[in-house]
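The sequence and the structure are shown first.

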Amino acid sequence: MTQMKRKPRLLVAGEFSAGKTQLINGLLGANVLPSNVTATALPPVWISADHMGDRRVGLDGTSEPLRDLRNVALEGTLCCEMQMQAPILDYVDLIDTPGNSDPNIDATSWMRMLDCADMVIWCSNAVQAWRQSEKAVWQAMPPRLRRNATLVVTHADRLHDSQSADRLMRRVLRETDPFFDHHILASLLVETDLDFVANHVVTLAGQVACTGADLLSAAPQQMRPSQQGPNPTPRRVARPIRVGSSPAAEPTAQNVVPLFDGASAKSRAEAIWAELVKNAPPNSPEEWQAMMAEFMRAVDGELEPAAATPARHLGAK
Amino acid sequence: MERAEHSPTDKTAFQALQAQWDLISQFEAVFKSILEPDVDFVRDSIDRCLEKIAAFEPNVSVIGQVKAGKSTLLNAMLGKPDFLPVDVNPWTSVITGLHFNSRRRPPRTRALFRFFDQYEWDRLIETGGKLGEMANRAGFSQEADEVRRQVLEMREMTQARLGADFQRLLGQSHAFAEFDQNLINSYICYGDPDDLRQGGQDGFYADLTKSADLYIDNPDFPNNLCFRDTPGVNDTFMMREQTTLNAISESRACIVVLSAHQALSTMDMALLRIICAIDAREVVIFVNRMDELGNPTAEEAKLRASITKTLERFGLGAGIEILFGSGYWAQMAQSAAPQNMAPASLSALQHWAEMHQMPMTSPEDIRRAATEASGLHHLLRAVASRIADGPGARMVEELRAEARNIVSMMETVQTIAGESPQDHDVAGIKQRLFRIKETALSRHQQNVQQTREDLENRLRRAQEAFVESALSALSAHVAAYGEAETWEHEPMSLRMSMRSAYLSACKSLDRKAQALLDEAAAAVQDVMDVDLAVVGVDLPDEQIFFPVIRPPSSLSATLSLDLNRAWWQRFWKFGAEARLRKKYADVILAETDPLIAQLLEQHFDPRSREVLEVIEDYLDDRTRYVHAILDQKQGPTKRARDVA
Ligand SMILES: Nc1nc2c(ncn2[C@@H]2O[C@H](COP(=O)(O)OP(=O)(O)OP(=O)(O)O)[C@@H](O)[C@H]2O)c(=O)[nH]1
Ligand SMILES: Nc1nc2c(ncn2[C@@H]2O[C@H](COP(=O)(O)OP(=O)(O)OP(=O)(O)O)[C@@H](O)[C@H]2O)c(=O)[nH]1
Ligand SMILES: [Mg+2]
Ligand SMILES: [Mg+2]
């Protein structure tokens, strides 16, 4: 069976207190990381099923075992790696980042992590959504990450009526269209909304994996996880991933205004993937793996002549 | 919809201010009463005081990021939830003055909207162009295009919407004897582009409107107080930010509204640093939207600690009062059914009430708790006392000094009138007084020139030092991290040193003016002692008040661009270090040269004219005084002959 060398990595970024950690905890289905009203001064945290235990990685490249996340000094730390099991981690690695625009935290702290990310979710609070300080970040975002980028407008529950939500999202869409392929309005306190985002992430993971050629080559050497651990069998922790047809995954009109459904595929490869997912959404990691294999066959056949074929990298063992 | 309007502000909030206002009115009455008899020689001084009183309208600007809740807060203060337009998208588009019980209200006018004239409109477009030029110089064509696009799009949309009216409206103003919500909304909010295309009226004139003034008579507010609503900063539409930043330098007090869920971001810090250049005592921070936190009382303590810590870290904070509350709670407290507030806000209020041991059973209980928790009353009281202690106290001091001068001059002249007449070399004395004034004015001229040169040199040195420090920081960075790491250099340090150079130049000019006035006064005294031989009569020697030195607003021109770190961050891409240095030095010079020119021409030159005015007024007062004494001593017959 064709197997990917590694999983796509999703970086969750945004202004401080936008809901990044809330979203990651939600995707994991457990309160793994601390979330706060005031800025949480944590270094970037890279959560993966494939890490070898928990470590703190310094800017100088050294690493040491991680004891307590809360006591890690931001300064001199590149990131903290945490190894854990959760259904979503069968599809992607998650990277939580310290907030942008926090006067006490240097933006380079999170921006460094862009190098090792394959896709980005940007969180923006609905009550003050999409300001110049956010736009400035995206104007400088590497084009590679603008593709497949998702804007999650959080705190949807704070909007008093659907008319406000509609007005807001029309403006946000108007202004952010050049930067994001996907726009989601969600309340991170609502289970169904979290399900919706989780589904979206899994679908994206597939799309990104299928253009994995640049995915792997783009990651600088130092940023790759030093050793890939053996894939342990996933243990269900909390949030089951329901892809596609599950009724629970349908956003409620009131809470979620999915302005983009992920269907406008960018390339032939993405179109193929979308087609596959549409016909038979995978319901487990095993099915997902199988589908990836099927996808690779389809892509191998169809896209052979294309320049750097994704298949080569993805297929290499 | 029926809405019970409960008066939001109990009068005690403005007590401190009201007492001072009463004092100022008394001065006014006294000055007017002196005007009656024939005391020509003090008429000009008195007129000047009366003008000062008439023009006294302290400004409180409400500023903050987009959607912090500024307009909502002002509405709550007014007790009218729909007064200023409010929306979920960036909305307030123009500085809107709410003038309370104003004596300067134009006749039959309650709302006055001024449009840009052709020149200002061109300049606004050009300011956009300037942002664009800056971006271009720095090598960021993408940003330059973006700014140009914004400006052009705005112009096209406005011209298309207004058609032939566009040209006609430039330079005009619209005044209304009455106004309602719809009327205001067509001038002072952006409007939704989709609505506008479909004939919506909100924001119809917004792009063309330069300023809005609304006149409100309300006995709950003191006279002659102005609150100003401003467009939020950190909006993606950057054009208006300059207007808001200018408003800061004209305001005597600022309420900086933060949003509880993101209290004190880098944007807020940049704003505060600019404001604190004015006077920290006149800034109040209001952390709004507390109703959006789960447990507001507990979070308040955390927020306060974190804000205080950050302010201290950046060397701000001493004297800045931090208050907490919610415009939404205030608004609901004024509504007919406060119990109908959004469930999350109600539950937060329940938490708050529990901590403060207030009941929450009946709607009236809820109203009381919401009123208290809104923080509105504390906010108004804090603002009122800051105005009273700041501009109010200074006004009283100035008026008191002027009154003493006038009274003492009048007394002297009257005493002399009772003495026996004497003959004097009138023409000679007048000539001497004239020469004293001439000398003082030409010395001021020299002072101005000298100070200006010193200032320019100091600004150049600051610029050079900044370029040097930036370049060595850059080299150090490249050495440590290589070029593949982002890097930025904080332009605030340059700004601060330029600001302090400017302020110290102004202070030095004031000191020199004070010195030359002391000398001139001594010379006038000499004329009185020797030529007039009025022994024992002194010139009034009350303190001379120079106008308050305002910090230069042009230094704060580019809040967004400063924070647009992307610009500075991308310098590392430029390749070899030597080229990098050259390029970076060029950019800094190009961006800071205009700052120096502006400081000199738009700030220092007007300031020196203000000081000149004080000198002239002072000397004219003394000259008239000596003339009056002279007149009295000449006796009635001589006077009659002079008149003939
Ligand atoms: N009502 C509501 N609260 C939310 C939502 N998302 C996050 N929050 C709350 O907002 C606060 C900030 O959320 P975090 O997830 O810590 O934000 P963050 O982006 O990780 O912040 P930093 O780590 O400080 O940069 C927390 O108190 C969350 O509980 C949402 O959708 N609705
Ligand atoms: N929950 C809550 N909502 C608020 C509060 N204050 C304002 N809002 C809401 O926030 C939105 C924005 O309020 P505005 O008053 O327009 O904000 P602003 O700061 O004037 O915004 P700009 O004029 O665009 O800079 C509106 O939908 C208000 O109803 C508050 O204290 N609590
Ligand atoms: Mg966090
Ligand atoms: Mg507003």
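## Salt bridges across the contact

A salt bridge is here a side-chain nitrogen of Lys or Arg within 4 Å of a carboxyl oxygen of Asp or Glu. The model is predicted, and 5 salt bridges are counted between chain B and chain A. A search of the whole structure, over all chains, finds 44. Side chains of opposite charge can pair when their charged atoms come close.

Arg167(A) is one partner in such a pair, with Asp87(B) as the other and 3.0 Å between the closest N and O atoms. Arg167(A) belongs to helix 5 (residues 162-176) of chain A, while Asp87(B) sits in the loop between helix 3 (70-78) and strand 2 of chain B, so this pair joins two chains. A salt bridge also links the side chains of Arg174(A) and Asp194(B), at 3.7 Å from N to O.

## Extent and composition of the interface

Chain B contributes 51 residues to the contact and chain A contributes 37 residues. About 3700 Å² is buried between chain B and chain A, and carbon and sulfur atoms account for 46% of this area. Of the area that chain B buries against chain A, 17% is supplied by Thr236(B), His261(B) and Gln262(B), more than by any other three residues.

Polar contact is found in 19 residue pairs between chain B and chain A, with both residues at pLDDT 80 or more. On the side of chain B that touches chain A, two or more residues each come from helix 5 (141-162), helix 8 (193-197), helix 10 (266-276), helix 11 (296-313) and helix 19 (565-569) of chain B. Helix 11 of chain B gives the largest share, 6 residues. By residue class, this side of chain B comprises 18 nonpolar, 17 polar and 16 charged residues.

## The sheet of chain A

Chain A contains an open sheet of 9 strands with mixed pairing, in the order 4-3-5-2-6-1-7-8-9. Its edge strands are strand 4 (63-65) and strand 9 (182-185) of chain A, each of which pairs on one side only. Neighbouring strands of this sheet are turned by 20° against each other on average, direction ignored.

Strand 1 (residues 9-14) and strand 6 (residues 93-96) of chain A run parallel and are joined by 4 bridges. Within strand 6 of chain A, Ile95(A) stands opposite Leu11(A). Helix 1 (residues 20-28) of chain A packs on the sheet, where it touches strand 1, strand 2 (45-48), strand 6 and strand 7 (119-125) of chain A. The direction of helix 1 makes about 155° with that of strand 6 of chain A.

## The sheet of chain B

In chain B, an open sheet of 9 strands has the order 4-3-5-2-6-1-7-8-9, with mixed pairing. Strand 4 (173-176) and strand 9 (321-324) of chain B each have a single partner strand, so one side of each is left without a neighbour in the sheet. From one strand to the next, the twist averages 20°.

An antiparallel pairing over 5 bridges connects strand 3 (residues 111-115) and strand 5 (residues 209-216) of chain B. Phe113(B) stands opposite Ala212(B), which is in strand 5 of chain B. Helix 7 (residues 181-188) of chain B lies across strand 2 (96-100), strand 3, strand 4 and strand 5 of chain B, at about 20° to strand 3. Helix 10 of chain B packs on the sheet and touches strand 1 (59-64), strand 7 (253-259) and strand 8 (283-288) of chain B, its direction making about 170° with that of strand 7. Helix 10 of chain B also gives two or more residues to the side of chain B that touches chain A.

Definitions and conventions: Residues are numbered from 1 along each chain as its sequence is written. Chains are lettered from A and ligands numbered from 1 in the order in which they are written. This is a predicted model: local features need pLDDT of at least 70, side-chain atom pairs count only at pLDDT 80 or more; totals for chains, interfaces and linings use all residues. Side-chain values use heavy atoms; hydrogens and water are left out. Contact means heavy atoms within 4.5 Å. Buried area is the accessible area (1.4 Å probe) that two parts lose on being put together, summed over both. A polar contact is a pair of N or O atoms within 3.5 Å; within protein, one must be able to donate a hydrogen and the other to accept it, and residues adjacent in sequence count only if both atoms are side-chain atoms. Ala, Val, Leu, Ile, Met, Phe, Trp, Tyr, Cys and Pro count as nonpolar, Asp, Glu, Lys and Arg as charged, and the others, Gly among them, as polar. Two strands pair if DSSP finds at least two bridges between them. Axes are lines fitted to C-alpha atoms, for helices over the stretch in contact, and angles run from 0 to 180 degrees between N-to-C directions.
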